[in-house]
Amino acid sequence: MTLEILWFTLLCFLWTGYFVTEGFDFGVGMLLPILGRDEDDRQTMFESIGPLWDGNEVWLVIAGGATFAAFPVWYATMFSGFYIALLLILVLLIVRVLSFEWRAKADSRRWKAVWAWMNTIGSVGAPLLWGIALASLLHGVPIASDQSFAGGFGDLFNGYTVLAGIAVCLLFALHGAVFLTLRTLGDLRERSRHTASGLAPAAAVVGAGFLVWTLVVARDVNDKGVFPGILPVAVAAVAAVGAIFLVRAAKEQWAFAATAMTIVAVVVTLFVSLYPRVMVSDPQFSNSLTIDNASSADYSLTVMTVVAAVLVPVVLLYQAWTYHVFRTRLGGEDAGSPVDLIARKTGG
Amino acid sequence: MSTLASTAVDLARWQFALTTLFHFIFVPLTLGLAPLLAVMQTLWHRTGEERWLRLTHFFGTLFLINFAIGVATGLVMEFQFGMNWSAFSTYVGDVFGPPLAIEGLGAFMLEATFIGLWIFGWNRLSPKVHLATIYLVWLGTWLSAYFILTANSWMQHPVGYELNSQTGRAEANDIFQILFQGFVLFAWGHAILAGLMTAGFLVLGVACWHLRRGRNVDVFRSAAKLAIIVVLPLSAVQLWFGSHFGIYVTDAQPMKIAATEALWDTEQPAGFSLFQIGGFTVDDQTPSFDIQVPRLLSFLATGSFSGKVEGINPLQSQAERQYGRGNYIPDIRLVYWSMRVMAYLGTLSVLLALWGGWLLWRKKLEDAKWFQRAALAGIALPFLSNFAGWILTEAGRQPWVVYGLLKTEDAVSSTVSAWTVGLSLGVFVSLYTVLALIDLYLMRRYARFDPPEIGGEGEEGAPQPAPGY
């Protein structure tokens, strides 16, 4: 029993890792048409996430693998049930991944423009669908007594799940804009900050709406009280409001920490609201998948616990080091200004 | 089973086969090019000779064009198990999941993170640390292959598990047996060697293209030399290793070998059929034309020229006694020819490598126009062998998805309709066709460029000021 709780928590951690890290590179992709006014801007934006997106996306690969390993029934029912949504996500992610390597590989303007748009479409579409899919786990989908999915593609769409998708997109756009203020110089940095200031209140309001609705849904369909879900919601609220002020006060590092914290709190809220179920069944609530009836046996869970205990710290260490290596700012045309020269001497 | 349900199984199988084969165009190249890049960069690091750095950049670009598509199509593989094969996922998740999870956490993350550092780290990391990143990418790709093949080998030869009678699922009980069984060691070695040959022949072919035009001769002579040094011994090792894998498989999956040889009745000693017309179906067991090498199959399958090789008919009866009525024979024509395409092209690779080795020894590589043409065409050899080998191993396991435990027809997602699977098959076929064309275009384009000059610009990401965080 404790092992199942541990792996449910670890999955929450993996999805958090995916949303916090890939969140900003999705955000940068979304903002390409808005902030990327010319080829130089777009090149800088691509370069800001170029070394990082691949490692970020692996969090998703691991979350998928870990679901398969720890909760095979959840994996089987969710992936076969959310078929069309996942098919779309795959297509969106494939064209997006290729845009990173292929965009700069030919000189034509048209080629570059097409791949930049591919990146943007993937960056908007994939998180939108992930938001809808994950929120559907809580909102409930029809599940048969043999634990198989009994609904259709349409069952994923309702006011709550669509709001989840939009909230995720807005949060990621904000997260990406703040990331750009950290990684760029000059005009692009200024415009990123401007965009972030505009996005922050919108993201906070929509995000808050989604979180409050989550508590309501958790009470109505998943038999949960307001407590403890209210705790991460409170953290999200503080972090989101903090983000608004920090962005406007140009405290870039802190603003990034605040948007990251908001995303963490959103994912945690969702998982806390789900527990102990992993996929709520609606209308037949008793058919819901739980951490007990969907999990692997203890032996496999123990093996994976040992593996995770050894490897997760190592992974975190070298990913942190990568972020350290790529901490410098990119592409400022006024990089030669006295301020930046001093910065170069002291920090670069 | 209803017609529509069996259509769904067929479509899901087609999708799995096509997406796997497509993914497997790029994977071996990654497995082989990563170490070759590491060697090139090390040679530059050690000798300070510029041509090795130029080659590292040149083949690094080709590596990255393919790496991207390998990453992109790999995700499809992971999701597909749950989407199309949910009964399989539920059945094997307990055993199959851990290797996949370890692969992600232990191998893929390593590869994905350090490839970013390698691409963008040229001016940010010290040369030594930067060199280390490509070695870690190499390690990541090889480990990744190992864990994926652990999962696949368990489907071929299930060990270290017990069946839970309550849930009807397989549950792991010995992870070490699952991770280190003979099947996975053979499969991994075979795949790694295939990867090295794929990359070796690519480097050789591209280098010869340049040599034939007298372009960048200094640089590409070194590349060709390195490639020949790699493929000459390894193509021979691969033939030897592959045949030992065959002996192992005879023991683990006798039906696969019998079907591969279209051997209907048990023979001792058994001859190896080089080429045959007919004799591939239950109703037509005697080929109308057949060229055989006496005793060779006995040797290939058992390691002894007088060994006994079991035939399809007795194995079918035995399977019916064990598992109940049904057809336990794979598509014989398909596996017979897959095996031969693989083996014949493998032999051709050895000959091409020998030819190259001889020219290298006589220092005639630059003038050997015919060899240069052949080497360019030779790029295709390993790719075709890889395809054939993969078809052989997967089609030869049928009708089982997990050998002896779960049939393919019982493994699909019962709730996903044939229409839905058909839609996704259509989507992937169209998308992958476009991607393949673009990849081919980019590979041709970059393979024809001169290797980048060193000094000044030309490396991604010039030194930057001001830390952002």
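**Helix packing and chain contact in a predicted model**

Mentor: In this predicted model, the crossing of α8(A) and α9(A) is left-handed.

Trainee: Which residues of chain A are in those two helices, and at what angle do they pack?

Mentor: Helix α8 of chain A covers residues 186-222 and helix α9 of chain A covers residues 230-248. They pack at about 170 degrees, and their axes are 9 Å apart.

Trainee: Why are α8(A) and α9(A) called roughly antiparallel?

Mentor: Angles over 145 degrees count as roughly antiparallel. The angle here is about 170 degrees, so α8(A) is roughly antiparallel to α9(A).

Trainee: Which residues of α8(A) and α9(A) meet?

Mentor: From α8(A), they include A:Ala200, A:Ala204, A:Gly207 and A:Leu211. Among those on the α9(A) side are A:Val233, A:Ala237, A:Ala240 and A:Ile244. The residues of this contact divide into 16 nonpolar, two polar and two charged.

Trainee: Switching to chain B. How do α4(B) and α6(B) cross?

Mentor: Helix α4 (residues 127-156) and helix α6 (residues 182-212) of chain B have axes that come within 8 Å and cross at roughly 135 degrees. The two helices are therefore oblique to each other. Their crossing is right-handed.

Trainee: And which residues make the contact there?

Mentor: On α4(B), B:Trp142, B:Tyr146 and B:Leu149 are among them; on α6(B), B:Phe183, B:Ala187 and B:Trp188 are among them. The residues of that contact divide into ten nonpolar, four polar and no charged.

Trainee: What about strands β1(B) and β2(B), how do they pair?

Mentor: Strand β1 (residues 161-164) and strand β2 (residues 169-172) of chain B pair in the antiparallel sense over four bridges. B:Leu163 stands opposite B:Ala170 in β2(B). The two strands form a hairpin with four residues between them, and B:Gly168 in the turn has a positive phi of about 70 degrees.

Trainee: How many residues does each chain put into the contact between A and B?

Mentor: Chain A gives 69 residues and chain B gives 61. On the chain A side, α11(A) gives the most, with 13 residues. The residues of that side divide into 45 nonpolar, 15 polar and nine charged.

Note on methods. Residues numbered from 1 in each chain as written. Chains lettered and ligands numbered in written order. Predicted model: local features only at pLDDT ≥ 70, side-chain atom pairs only at ≥ 80, totals over all residues. Axes fitted to C-alpha atoms, helices over the stretch in contact; angles between N-to-C directions. Parallel < 35°, antiparallel > 145°, perpendicular 65-115°, else oblique. Left-handed = near helix turned anticlockwise from the far one by under 90°. Contact = placed C-beta atoms within 7 Å. Nonpolar A, V, L, I, M, F, W, Y, C, P; charged D, E, K, R; others polar. Pairing = 2+ DSSP bridges.
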